[in-house]
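Visitor: I would like to be shown how to read the features of a protein structure, one at a time. Please start from the model itself.

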Amino acid sequence: MRKIIASLLFLSLFTACKSEKEKWSLNSPNGQLNLSFYLNEKGIPAYFLHYKNQMVLDTSTIAIVLKNAPSIQENFTAIESSHRSFNEVWEPVWGENKRIKNQYNELRIHLQENTDLKRAFFIVFKLYDDGIGFRYEFPVQKNMDSVIILDEQTQFHLTADHLAWWIPADYDSYEYHYSKSKLTEINAVDAGYVQRHDRNCGNLHAVNTPLTLKTLTGLYLSFHEANLRNYSEMTLAVKDDFVLQSELVPALNGNTVELTTPFVTPWRTVQIAENAIDLVKSNLILNLNEPNVLENTDWIKPLKYNGVWWEMHIGKSSWDFGTGKHGANTENTKRYIDFASKNNIQGVLVEGWNTGWENWDDKIFSLTEPYPDFDMEEIVRYAKKHGVNLIGHHETFGNVAYYDSIVETAFQYYNKLGIQYVKTGYASGIIPKEHHHSQYMVNHYQKVVELAAKYQIMIDAHEPIKATGLCRTYPNMMTREGAKGMEYNAWGDGNPPSHSTILPFTRCLGGSLDYTPGIFDIQFKSERKDQYVRSTLANQLALYVVLYSPLQMVADLPENYEGNPAFEFIREVPTDWDSTLILNGEIGEFITIVRKEKNSENWFLGSITNENKRNLTITFDFLTKDKEYLAKIYQDDEKSHWFRAPTLYTIKEQKVNSSTTMNLTLAEGGGAAISIHLINEQNNKIN
Ligand code: NOJ
Ligand code: CA
């Protein structure tokens, strides 16, 4: 287990008793964020929030609606409160940064009801320089044992009709393109979101988080939750007077969340920044999770992977053995292994290796029986010989009742074969009829991660519950989908160029994303003629840096990379980082990220734009002073265009140092990717 490397600093711990109508206040460590909490004349808990003297959240109340018991809402008195300060630096097992600062001031208020029930709970606020997290903690108590929560009504009272980047509050999926509208214009019907039969948006005026806003005064806010465990997901509904109010995803039996005391809710979070790029820098979600609990993490390793995957999505082959064009056969899998081992790709995913795909709708997949043309033992031997990790696949098609009954056997099967990575999938409605984002499923996803850890298996979850930072506690929870990924370019409505310029400021604020980048045959004319990827090739390269994932797919077919000089960038780009800097960006417009490879002096830069061509100036002042580096620049050609000429690009090399500035021209839907290697002074060679 990694050690926390900096001292824990506790300051000004004190306890105070305050009478009703008094206010409690809390400042962030730099003093710029200020919270006020009070109980109003009805004993209703309320808070408001200022950033640099500007009101960000106006008076916002909280309430929890219970079944068979009065709501937790009013008539409360504070019986105790305490402040403390906390400051540490911790090291994640993998990530965008080798060290993460976790500094906050905390206010904990013990509230008790003025009725015979005397129900009590704590509200805990943590103020960071980059935002706030707060949650409710219910201790064991006489009049609250088993609790059925019908809804939680936590308010975030905004001050005006801000601009929002949003996806609807679908209880089963985050696979949507983002809409941009004023808060009061959030409407899933107007946005065209509810046309598909499998869409399940309970409230048409509600959103899934992270929800990112730009305020009328130019501040950037993002609303989300952290440490979502044993609870259902929070969506946010738009109410009158610019109030966002939590709405929990319901359960089949109508009991939204069932708990027994003691319990804590997930953290409700608001990240606050003056620039969009500062939202992307924030580590607040990770910081609000518990430290790693896995004793040994030596087996947890980020990697790049290719696989028998895209060829099925574009219709070249099939998951299903019975079609006569089965992709996951021994010979084809070996082809991917050969390509991986030659090209610094450490993993190979195989989908469709197991029986059951011929009757998708039966939702019964064997997770231990390969199809007859897939010689598992031989493939395991071959992969090992070539130093490549296999990535197993558990598609459940949503049959969670069945999966729960076989998942341990399935992990044991992979464990015996030495397979340490598993991609899971929940590509349809859940059996039993619970929502993907319900408490039942939150618990299921968590159970799979913990069970996987027991067998030293790392997880890449598709159709997952949203990322809320639990990878800090369980670092084998590597990555997940939970967004419209590359697959929609193969058979769906296609992701517009702006999509990947919105993701870093929205979905990715929750955590790593398995977007599956790297398509070189952008127009794949030989297969589905009407489908194509809406980006240039240089943009595909840049996604390896822009969209962070510790398991990063090299998604295209080996033959589409073979002989293409641009592939060198993918071959080289790492998946684990010392540090990350966001150089520029605006939501839905463009973003440039540069990352330093873990334990190395090499840097990798990715820059992408939306439908608009643009020039960006890059300053290389992040490089170590007085050192020379060789930059290899992969960028759009003058004529590149996401539709007209997506595969045109140029490559050039240039020496750079910390005083270099460079102008990059990104084509419509384009991008630029740069590898930057330190030049070894002794022999003038790059490291
Ligand atoms: C949907 C997943 O997102 C995709 O990656 C996978 O190939 C299919 N389901 C089949 O499991
Ligand atoms: Ca999917």
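**Reading the core, the domains and the salt bridges**

Guide: Leaving out neighbours within four places in sequence, Ile149 is in contact (heavy atoms within 4.5 Å) with Ile64, Val65, Leu66, Tyr231, Leu248, Asn255, Thr256, Val257, Leu259 and Phe263. This is a predicted model, in which local features need pLDDT of at least 70 and side-chain atom pairs count only at pLDDT 80 or more, while totals for chains, interfaces and linings use all residues. Residues are numbered from 1 along each chain as its sequence is written, chains are lettered from A and ligands numbered from 1 in the order written, and side-chain values use heavy atoms, without hydrogens and water.

Visitor: Which residues touch the most other members of the largest nonpolar core?

Guide: In soluble globular proteins, nonpolar side chains tend to be buried together. A nonpolar core is a set of buried Ala, Val, Leu, Ile, Met, Phe, Trp, Tyr and Cys residues joined through side-chain atoms within 4.5 Å. Buried means under 20% relative accessible area, exposed over 50%, and partly exposed in between (1.4 Å probe, protein chains only). Here the largest core has 182 residues, and Phe125, Ile149, Phe223 and Phe411 touch the most other members. Helix H6 (residues 400–417) gives the largest share, nine residues; helices (H or I, at least four residues) and strands (E, at least two) are DSSP runs numbered from the N terminus. Domain 1 (7–287) and domain 2 (303–537 + 549–563) both contribute, so this core lies between them. Apart from it lies another core of 20 residues, including Tyr629 and Ile676.

Visitor: How far apart are the C-alpha centres of domain 1 and domain 2?

Guide: Domain bounds come from an automatic or database domain assignment. The two centres lie 33 Å apart, and 48 residues of domain 1 are in contact with 47 residues of domain 2.

Visitor: Is Asn489 buried or exposed?

Guide: Asn489, in helix H8 (residues 487–491), is buried, with a relative accessible area of 1%. Beyond four places in sequence, Asn489 touches residues including Trp310, Tyr515, Phe524 and Arg534. Helix H10 (residues 537–546) is mostly covered, with ten of its ten residues buried.

Visitor: How many salt bridges does a search of the whole structure find?

Guide: A salt bridge is a side-chain nitrogen of Lys or Arg within 4 Å of a carboxyl oxygen of Asp or Glu. The search finds 30. One of them joins Arg595 and Glu96, with the closest N and O atoms 2.8 Å apart. Arg595 lies in strand E30 (residues 590–597) and Glu96 in the loop between strand E7 (76–90) and strand E8 (100–113), so the pair ties together parts 499 residues apart in sequence. Arg595 is buried, at 1% relative accessible area, whereas Glu96 is partly exposed, at 30%.

Visitor: Where do Glu225 and Arg268 lie?

Guide: Their salt bridge has its closest N and O atoms 3.0 Å apart. Glu225 is in strand E16 (residues 220–226) and Arg268 in strand E21 (residues 267–273), 43 residues apart. Both Glu225 and Arg268 are buried.

Visitor: What about Lys316 and Glu559?

Guide: Their side chains meet in a salt bridge (3.1 Å, N to O). Lys316 lies in the loop between helix H3 (310–313) and helix H4 (330–342), and Glu559 in helix H11 (residues 558–561), so the pair ties together parts 243 residues apart in sequence. Lys316 is partly exposed, at 31% relative accessibility, and Glu559 is partly exposed, at 35%.
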